[in-house]
Structure formats: C-alpha cells, structure tokens
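Let us walk through this structure step by step. Keep the model in view as you read.

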Amino acid sequence: MRKHFDAIVIGAGAMGSAAAYYLSKRGQRVLLLEQFEIDHRKGSSYGYSRIIRYAYDYPEYVELMKDTFPLWFALEHELGETLYHRTGGISFGPANDRSLQATIKAVENGGIDYELLSIADAQERFPQFRFGSDFKVLYQPDSGFISASKAVRGHVKLARRLGAVVKEGAPVDQIQVNSNSVNLSVAGDRYSADHLIVTAGSWARSLLKETGIDLPLTTLRCQLNFMSPADWRPYEAEGCPVWGAHVSERFRETVYGIPSHAGSGFKIAFHGGAAVRHPAEIDYSPDAENVEALRPFMQAHIPGIAQSPVKESRICLYTQTPDEHFIVDTHPAHQHIAIGAGFSGHGFKFSTMIGKMLTDIALEGATSHNDRLFKISRFTD
Ligand SMILES: Cc1cc2nc3c(=O)[nH]c(=O)nc-3n(C[C@H](O)[C@H](O)[C@H](O)COP(=O)(O)OP(=O)(O)OC[C@H]3O[C@@H](n4cnc5c(N)ncnc54)[C@H](O)[C@@H]3O)c2cc1C
C-alpha cells in the first residue's frame, strides 16, 4: 500500500527540517524523510553553533537577513527556547581585500548598524585578536551564532506538533516523477505526494539525477576545531565576538571562528576543505594536520590560543555551487518539485527562511523573498 501526503521533504538537515515546519504550518499533510537520524553527524547541520550576520559581500544576503531575523525570533517564541546568541561580530583583513570592501559597502547601503574601527580601537576592544597595520576591522553588533542542533531539532519538534510524520532511518532510494505527483521508494516502503521538496545536502546531486537534472554541486570535507585555552575567559561568548578573517592570500583560505559557549571550546576553521565525489567517500576522523595548518594564523592573529590543546575536532560537509550562491528554486522540468541545495558553507543562518521560501515555491511556484541569486537557470541556460 502506498501512503499519500500533500508534500514530502527528503532530508532533515537545517533546510529540510525548516521546510517541514513551514509546510505543516500551512496545513499541509507532510512526510519528512531522513536517511539517518535527526541531528546526525554525517551531514552539514549538527553542532553547537553557526555564525549569523548581516555582514555579507552581496546586498541580496543583507536583505534576506533582514527578513530572516524575525523568523528566528518567532521560532524561539514558539519553542520557548533560545537559538540566537548575540555576541557582536568582526570581519577583518587587508584594507584592499575585495570581499571585505564589498561587505562594508553592503552593510552601509543596507542601513545596517556597523562601525569601522581604527586598529588601535579594535585592539583595545578585542584584545584577544591582533590586527595587521594594513587591516580594516568591521564591527557589527547584531552578529552572533545560532545553536545549530537545537534549531534543527526545534523545527522538527514543531513540525511534528503540527502533524508532520517524521521518519528516521528512511533513505529514499527511488523517485518516480509523474505529471502532478511523485512516487518514492524508501527501503521497501512506498509513498506518494502532490509536492516534493529535495533538501538532501551533499547527497542532492546523485539523488536529483534520477529526476533528470545534474546540478554542479561539489562536496567538501571540512574540519572544525575547538581550542581549549588555559585561560578561557577571553574566549567565552560573553566577552568575545564571532569573527571572520579575510586572509586567504596569506593563510590558504578565509578563517573564521565562534567563541566558546556552554563548554564547547573556541571554534576555529578554514572556510573550505578537500573535494570528494560523493559523501560515501568521506573519512569522518579529523586530521591533526588541519589544526597545525591553522596555528600560524593563530600565532599572527589570536596568539593566546596558538599553543592551546585541541578539545575536539569534527568533520562537516559543505555542498558547493560554482559561484557559492544557494539553489532555492523549482525543478526546471517539474513544477511540483522544489530544490534547496548548494548552501556552500554559509546557509545555516538563513535556514528557517529557506524552509519558508521552499514552502512558498512548492505551494505557489514563487516566493516574495529575494531569490535572485538562487535560480537554477544560471547553470542550465
Ligand atoms: C564546518 C561547517 C561550518 C559552517 N558554518 C556556518 C556558519 O557559521 N554560518 C552559516 O550560516 N552556515 C554555516 N555552515 C553551512 C550550513 O551548516 C549548511 O549550509 C547547512 O547546514 C546545510 O544544510 P542542508 O539541510 O542543506 O544539508 P544537510 O544538513 O547535510 O542535510 C541534508 C540531509 O538530507 C539527508 N538525505 C540525503 N539523501 C537522502 C535520501 N536519499 N533519503 C533521505 N534523506 C537523505 C541527509 O542525511 C541529511 O541529513 C557551516 C557548515 C559546516 C560544515
């Protein structure tokens, strides 16, 4: 017997859990399918924290963030839990760095509160950091972090409360697309729906091939590290900003981090990693080499942690598009399929909004939020 739903969501990471919530809020009978368990550690969405910030080098993301903050606040209210931690944030790097220049311009034009700090001011306010004499330092007070695992679990909890059926250990192994519906095979069970949302993270490329589209998505194996300094106080969320260092010319990649929160350790990572063909190839054991490669950066810019031991390292996946903008769109051949993919290592802060946009797109064919950068046609036309 095949069970029928109004809408099925494949993948319960940040995006799929949010989509299941907004679909359910719209009165849809929803099935959310996750191949592993909710909040598992093999994808992109688990963990203590993800940076949230207006400070972006494209005005579209600044605008989208303005729409997204109220959704996080509404979600917190409905859950009765705190998800957003406001620490303030700094972006720093050589004054001639194009991305940093574009970020300053976008927050200025977007009417966002910000300060450009002199090196002396920045040094005084953030003594944990060392800034080069040729640097610019942008401070944005609304930056902070979202509790990642809590947000995924929160969306799932509310979706369930609204009637969604959530199945874990439920890998979709076949998608048959009909003119107005889809049939799915899931480890021997069969389901159908009027609408399908595919939010399968690093698995999206192989899964979507079955529907006749090959999106240019690449999986990166990324490592994040939690440092354990002898003196924790300067590195705790209460007195330390989230940060992003535009230093790829000097240190291989952009480097970013998040202060310690509830004993997590001070998070530091390269914004990037090694490409693999499919997530099945990923070795999830972290490498000591990754931390060692970060130590010269720490020595130069956060010397107080440069010799610290590592509390823990983890592997997490980025799913890259060639231009690092997201894919949030209708399937080019099937109007009743919506796709959310390619979040390129910066999607979490928008995840609750992406769930809403995918719901709009699945049910109405369009969203009122700015999705100009996220169209599939940029790869297919
Ligand atoms: C180290 C790291 C740091 C990051 N830092 C930030 C940050 O500071 N700020 C920020 O905004 N973003 C950040 N990101 C990016 C953000 O976390 C991701 O963009 C986001 O989590 C992507 O979510 P997703 O739902 O697309 O993917 P995933 O979380 O991978 O979810 C996809 C889900 O689909 C399931 N699935 C796949 N195939 C099937 C199938 N056939 N059947 C059933 N289920 C299936 C998978 O098991 C998985 O659970 C970071 C990412 C990483 C890895």
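Ala262 sits between β15 (255–258) and β16 (266–270). This is a predicted model. Ala262 is not a glycine, yet its phi is positive, about 50°.

Is Ala262 buried or exposed? Count its C-beta neighbours inside 10 Å: there are 10. A residue with 12 or fewer counts as exposed, so Ala262 is exposed.

Now move along to another loop. Glu324 lies between β18 and β19 (327–330). Glu324 also has a positive phi, near 65°, and is a residue other than glycine. How many C-beta neighbours does Glu324 have inside 10 Å? The number is 14, so Glu324 counts as partly exposed.

Next comes the ligand. A shell of 37 residues surrounds the ligand. The closest are Gly11, Gly13, Gly43, Gly201 and Gly347. Some elements give two or more residues to this shell: α1 (14–25), β3 (50–52), β13 (218–227) and β18 (310–320).

What kinds of residues make up the shell around the ligand? By class, 21 are nonpolar, 13 are polar and three are charged.

Finally, step back to the domains. Where does the ligand lie relative to domain 1 and domain 2? Domain 1 takes in 3–46, 149–213 and 326–380. Domain 2 takes in 61–144 and 218–320. Both domains give residues to the shell, so the ligand lies between them.

Conventions:
Residues are numbered from 1 along each chain as its sequence is written. This is a predicted model: local features need pLDDT of at least 70, side-chain atom pairs count only at pLDDT 80 or more; totals for chains, interfaces and linings use all residues. A residue is near a molecule or strand if its C-beta atom, placed from the backbone, lies within 6 Å of it. Helices (H or I, at least four residues) and strands (E, at least two) are DSSP runs, numbered from the N terminus. Ala, Val, Leu, Ile, Met, Phe, Trp, Tyr, Cys and Pro count as nonpolar, Asp, Glu, Lys and Arg as charged, and the others, Gly among them, as polar. Domain bounds come from an automatic or database domain assignment. A residue is buried if 20 or more other C-beta atoms lie within 10 Å of its own, exposed if 12 or fewer, and partly exposed in between; C-beta atoms are placed from the backbone.
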